[in-house]
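I am opening a notebook on this structure. The entries below follow the order in which I looked things up.

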Amino acid sequence: IKQKDMAKEKFDYTKAVEELDGIAAKIEDPKTSLDDIGALVSRSKVLIKECREYLRSVRESIQEEEEK
């Protein structure tokens, strides 16, 4: 198994998107402190990067299959 394939199995895109939705709701809540918003933004950056990497690897896998 390739390392990319292993990473895909461990990463749950749906859960990441759900977490991002929750983060967006918390950021929009006026009760959320600025300190918390900073941490939430940092976490969202990590999740977005992971989602992009996952989608890129899926696209590459699909392209590889189409080339066969």
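**Entry 1: salt bridges**

I began with Arg43, which forms a salt bridge with Glu19, the closest N and O atoms being 2.8 Å apart. The rule I used for a salt bridge asks for a side-chain nitrogen of Lys or Arg within 4 Å of a carboxyl oxygen of Asp or Glu. Arg43 lies in helix α3 and Glu19 in helix α2, so this pair ties together parts that are 24 residues apart in sequence. I took helices as DSSP runs of H or I with at least four residues (strands would be E runs of at least two), numbered from the N terminus.

Before going on I noted the terms of the work: this is a predicted model, where local features need pLDDT of at least 70 and side-chain atom pairs count only at pLDDT 80 or more, while totals for chains, interfaces and linings use all residues. Residues are numbered from 1 along each chain as its sequence is written, and side-chain values use heavy atoms, with hydrogens and water left out.

I then checked accessibility, calling a residue buried under 20% relative accessible area, exposed over 50% and partly exposed in between (1.4 Å probe, protein chains only). Arg43 is partly exposed at 34%, and Glu19 is partly exposed at 32%.

How many salt bridges does the rule give? The count comes to 2. Besides the Arg43 pair, I found that the side chains of Lys49 and Glu53 meet at 3.9 Å, N to O. Lys49 and Glu53 are 4 residues apart in helix α3, which means about one helical turn separates them. Lys49 counts as exposed at 53%, whereas Glu53 is partly exposed at 39%.

**Entry 2: aromatic pairs**

I searched the whole structure for aromatic pairs and found 2. Rings of Phe, Tyr and Trp (its six-membered ring) pair if their centres lie within 6.5 Å; planes under 30 degrees apart count as stacked, over 60 as edge-to-face and the rest as tilted. Why is the pair of Phe11 and Tyr54 called tilted? Their ring centres are 5.4 Å apart and the planes stand at 45°, so the pair falls in that class. Phe11 sits in the loop between α1 (3-10) and α2 (13-28), and Tyr54 is in helix α3 (residues 34-67), 43 residues apart. Phe11 is buried at 18%, and Tyr54 is partly exposed at 22%.

Tyr54 also pairs with Tyr13, and this pair is stacked, with 5.7 Å centre to centre and 20° between the planes. Tyr13, in helix α2, is 41 residues from Tyr54 in helix α3. I noted Tyr13 as partly exposed, at 30%. The ring pairs link Phe11, Tyr13 and Tyr54 into a cluster.

**Entry 3: the nonpolar core**

Which residues make up the largest nonpolar core? I listed 6: Phe11, Ala16, Ile23, Leu40, Leu47 and Cys51. Such a core is a set of buried Ala, Val, Leu, Ile, Met, Phe, Trp, Tyr and Cys residues joined through side-chain atoms within 4.5 Å. The elements giving two or more residues to this core are α2 and α3, and α3 gives the most, with 3 residues.

I looked at Cys51 for contacts (heavy atoms within 4.5 Å). Leaving aside neighbours within four places in sequence, Cys51 touches Phe11, Tyr13, Ala16 and Leu20.
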